[in-house]
Amino acid sequence: MSSAVRIAPSILSADFARLGEEVRAIDEAGCDWIHVDVMDGHFVPNITIGPAVVKALRRHSAKPFDVHLMISPVDNYVKDFADAGADIISFHPEAGPHAHRTVQLIKSLGKMAGVVLNPATPAKMLDYLIDDVDLVLVMSVNPGFGGQSFISSQLRKIEAIRKMIEKTGRDIRLEVDGGITTETAPLAISAGADTLVAGTATFKGGPDQYAANIRALRGE
Ligand code: DX5
Ligand code: ZN
């Protein structure tokens, strides 16, 4: 199981003054996806990066760009991120009134569509979305900042969503984001996660450590 786990480093923990080099370094260190946290200072209490930065980073890695939108409203920016080179676009259903429409919009642009559940958002939110999504992202911290502690109640939610995914018979990624460390990664994986976002745990120790950090998160 552990070798099948995808690691998606969150570049929120990278050195923003050297972002292109940082993306190349995690790519060469063996990550699977590049996780990009987009925050608007409105839906979440922090401001990070926009489509122009995603576009500039695109030439630094051929690996999938996993763009996590923490913005409200969502729909008017989806095309900008698709054009900038996002491969997977995820959004929070609370950020706009028409989650089903947002999923269709992302898919109409030929991108993988993901729905993100905040710690207080129940798995039930997915009942009428799961048949259309390509990815479910479970937040194991409240969105807004890196370096927070894993909220263990989310393990039950991961288990419940894994069952929902199995019922669909479709190939839907189950990703976990927030507080992933070598201690919490195995818990998330045994609960049913197949993709782990890790900011602090990937970037700690500087570029020489990235490959070892990624291997450790895979349980290798
Ligand atoms: C939080 C972001 C996460 C975060 C993860 O809003 O979505 O991707 O950067 O950071 P760590 O791994 O440090 O908890
Ligand atoms: Zn994220």
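1. Ser10 and ligand 1. In this predicted model, a polar side-chain atom of Ser10 is placed 3.2 Å from an oxygen atom of ligand 1. Two further polar approaches to the ligand deserve mention alongside it. The side chain of Asp177 has an N or O atom 2.7 Å from an oxygen atom of ligand 1. For Gly199, the atom concerned belongs to the backbone: an N or O atom there lies 2.7 Å from an oxygen atom of the ligand.

2. On its own, ligand 1 has 390 Å² of accessible area, and the protein covers 99% of it.

3. Composition of the shell. Around ligand 1 there are 20 residues, and those that come nearest are Asp37, Gly144, Asp177, Gly199 and Thr200. By class, the shell holds ten polar, eight nonpolar and two charged residues.

4. Secondary structure around the ligand. Three strands, β2 (34–39), β3 (65–70) and β8 (195–198), each give two or more residues to the shell around ligand 1. The largest share is that of β2, with three residues.

5. The pocket. Ligand 1 takes up the space of the largest pocket, for which the computed volume is about 260 Å³. The pocket is lined by 25 residues, and Phe145, Gly146, Gly147, Gly178 and Gly179 are the closest to its centre. Two or more lining residues come from each of β2, β3, β8 and α7 (200–203). The lining divides into twelve polar, eleven nonpolar and two charged residues.

6. A cis peptide bond. Attention is also drawn to the backbone at Ser72 and Pro73, which are joined by a cis peptide bond with omega of about -5 degrees. Pro73 belongs to the loop between β3 and α3 (75–84).

How values were computed:
Residues are numbered from 1 along each chain as its sequence is written. Chains are lettered from A and ligands numbered from 1 in the order in which they are written. This is a predicted model: local features need pLDDT of at least 70, side-chain atom pairs count only at pLDDT 80 or more; totals for chains, interfaces and linings use all residues. Side-chain values use heavy atoms; hydrogens and water are left out. A residue is near a molecule or strand if one of its heavy atoms lies within 4 Å of it. A polar contact is a pair of N or O atoms within 3.5 Å; within protein, one must be able to donate a hydrogen and the other to accept it, and residues adjacent in sequence count only if both atoms are side-chain atoms. Accessible areas come from the Shrake-Rupley method with a 1.4 Å probe; for residues, only the protein chains shown count as cover. On a 1 Å grid over the protein atoms alone, a cavity is a set of points where a 1.4 Å probe fits but cannot get out, and a pocket is an open set with protein on both sides within 12 Å along at least five of seven lines; lining residues have an atom within 4 Å of a point. A molecule sits in a cavity or pocket if more than half of its atoms lie within 2 Å of its grid points. Helices (H or I, at least four residues) and strands (E, at least two) are DSSP runs, numbered from the N terminus. Ala, Val, Leu, Ile, Met, Phe, Trp, Tyr, Cys and Pro count as nonpolar, Asp, Glu, Lys and Arg as charged, and the others, Gly among them, as polar. Grid points are joined across faces, edges and corners, and a volume is the space filled by probe spheres set on the points.
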